[in-house]
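Hi,

Here is the structure I promised to pass on. Have a look at it first, and then read on for what turned up when I went through it.

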Amino acid sequence: MIEIVIGTLLGVILGAVSGLIPGVHVNTLAGVLLGAQVVLLDVLGPLALAGTLFAALITHTFVESIPATFLGIPDADTSLSVLPAHALCLEGNGEEAVRIAALGSACAIIIAVPVSVLCFLFLPALQPFFDWGIGILIVAVIGYMIVMSESPGWALAIFAVSGLLGAFTLRYAFLSWHTLGGETAVLMPLLTGLFGISVLLVASQGALPAQHFQGLRVDTKTVAKSSVLGTLAGITVGWLPGLSTATANGTLASVIGYEKDRRAYILATSAANTANAFIGLAALFAISRMRNGVMVALAELPLPSMSELMIVGVLAACLAYIVTVGLSRSAGRLNGINGRLLNRAVILFVVGLCILLTGPFGIFVLLLAVIVGLVPHIVNVSRVYCMGAIMVPVILYSFGLAWV
């Protein structure tokens with residue numbers, strides 16, 4: 001029991017730190033901990049170390065909404081949800097956006113934990129069918145989204161170009177530096193360019209508006225519906241091969257729409273992100289599939305039981321909710337901050353981080369991604385079609401047309 005408590009507390013602290021630093025994913029943290037596993041196993045023990053990794057992952061899914069909301073810089077898992085969250089911040093409702101995201105993640109726990117156990121028990125036998133049909137499913141989803149868009153021609157063009165950029169980036173990821181992580185670190189400049197810097201370049205240049213919390217302006221029915229949709233989407237992409245939470249966010253955009261109902265979309269995407277972490281653990285134990293860097297790190301350790309790590313995850317979620325809500329109360333300190341200076345500072349920080357983590361190739365990808373990311377604003381088309389950067393490589397991989 002003491003190892004569970006130690007692992008949970010350490011993971012919450014580390015996950016909060018990684019979640020607050022824009023552009024830093026918990027996968028990077030997992031790589032650092034894995035590199036020091038010989039020492040950490042002796043000090044903490046297998047259960048506490050594994051618990052630290054999983055608790056950090058869960059906590060990160062809560063806390064990452066803070067920089068996404070107030071700075072507008074996305075993580076690989078929050079790229080689309082940044083848009084409505086940052087928009088609410090510019091309206092003075094940043095604290096509400098963070099609290100809604102935390103609520104969505106918390107609600108996901110109620111469904112994700114029992115459903116993950118059911119998936120662990122019953123889905124492994126069906127895995128060959130999932131592996132075969134995933135590409136067809138994505139083509140159907142994105143086809144529907146393009147046809148229903150306000151400008152199908154531009155939507156298809158943006159999807160295709162961003163998809164080519166994504167395929168190129170992942171195919172030649174070995175050219176990037178791997179300072180603190182693996183080849184997937186190159187997703188940072190890719191998604192930051194498409195959904196972060198390109199947004200900041202055209203954002204308001206005045207002072208950030210005063211932040212005032214006036215309660216959660218979302219009804220119980222919306223909370224329940226969006227949380228269920230997001231949780232199911234997160235579980236689906238977490239189990240199916242080649243998909244990620246970013247794919248779930250793109251799909252949810254076609255169902256909810258981040259421009260129609262910002263609060264519902266934030267709820268759903270936050271739920272999807274947290275649910276994805278739990279189903280990833282079930283996939284690791286059931287079919288030995290590693291859906292993110294934390295699962296890769298866990299696979300290298302002497303694993304405790306799945307039930308012990310699930311307990312750690314639930315405890316971490318409870319603490320992470322409290323931490324996130326507590327930190328959101330600091331939003332008022334942003335009142336009157338010069339938006340132009342803040343945007344420039346964030347852009348410089350992220351560019352520096354890209355240089356540190358991915359080197360010249362990462363900067364090249366970042367530049368191309370920013371150019372592509374500016375197109376939706378210029379032609380007045382939804383930015384959701386930039387998710388081709390993730391979806392096209394998955395389609396190609398599923399059909400055996402590329403090795404990414």
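A quick definition before the details: a salt bridge here is a side-chain nitrogen of Lys or Arg within 4 Å of a carboxyl oxygen of Asp or Glu. By that criterion, Glu96, Arg217 and Arg263 are linked in a network of salt bridges. Please keep in mind that this is a predicted model.

Let me start with the overall picture. The chain has 17 helices and 0 strands. It runs to 404 residues, and 57% of them count as buried. If you take the contacts between residues at least 6 apart in sequence, 83% join residues at least 24 apart.

Now back to the salt bridges, of which the structure holds 4. Two of them involve Glu96. In one, Arg217 is the partner, with the closest N and O atoms 3.1 Å apart. That pair links distant parts of the chain, as Arg217 sits in the loop between helix 10 (187-201) and helix 11 (220-239) while Glu96 belongs to helix 7, 121 residues apart. In the other, the side chains of Arg263 and Glu96 meet at 2.8 Å, N to O. Here helix 13 provides Arg263 and helix 7 provides Glu96, and the two are 167 residues apart.

So which of these residues are buried? Both Arg263 and Glu96 are, and for Glu96 the relative accessible area is 1%. Arg217, at 41% relative accessibility, counts as partly exposed, because partly exposed covers the range between under 20% (buried) and over 50% (exposed).

Another salt bridge joins the side chains of Glu91 and Arg262, at 2.4 Å from N to O. Glu91 lies in the loop between helix 6 (82-90) and helix 7 (94-122), and Arg262 is in helix 13 (residues 262-287), so this pair ties together parts that are 171 residues apart in sequence. Both ends are partly exposed: Glu91 has a relative accessibility of 45%, and Arg262 has a relative accessible area of 27%.

While you have helix 13 on screen, look at Asn276, which is also found there. Asn276 is buried, with a relative accessible area of 11%. Leaving aside residues up to four places away in sequence, Asn276 touches Gly234, Val237, Gly238 and Thr245.

Next, a helix pair. Helix 3 (residues 37-44) and helix 4 (residues 46-63) pack at an angle of about 115 degrees, and their axes are 7 Å apart. On the helix 3 side the contact is made by Gln37, Leu40, Leu41 and Leu44, and on the helix 4 side by Pro46, Ala48, Leu49 and Thr52. What is the make-up of that contact in nonpolar, polar and charged residues? It divides into 6 nonpolar, 2 polar and no charged.

Last, helix 9 (residues 152-171). Its 20 residues reach 28 Å from the first C-alpha to the last, close to the 28 Å expected at 1.5 Å a residue. Buried residues in helix 9 include Ala155, Ile158, Phe159, Ser162 and Gly163, and Leu165, Gly166, Ala167 and Thr169 are buried there too.

Cheers

Key
Residues are numbered from 1 along each chain as its sequence is written. This is a predicted model: local features need pLDDT of at least 70, side-chain atom pairs count only at pLDDT 80 or more; totals for chains, interfaces and linings use all residues. Side-chain values use heavy atoms; hydrogens and water are left out. Helices (H or I, at least four residues) and strands (E, at least two) are DSSP runs, numbered from the N terminus. Buried means under 20% relative accessible area, exposed over 50%, partly exposed in between (1.4 Å probe, protein chains only). Contact means heavy atoms within 4.5 Å. The expected span of a helix is 1.5 Å times one less than its number of residues. Axes are lines fitted to C-alpha atoms, for helices over the stretch in contact, and angles run from 0 to 180 degrees between N-to-C directions. Ala, Val, Leu, Ile, Met, Phe, Trp, Tyr, Cys and Pro count as nonpolar, Asp, Glu, Lys and Arg as charged, and the others, Gly among them, as polar.
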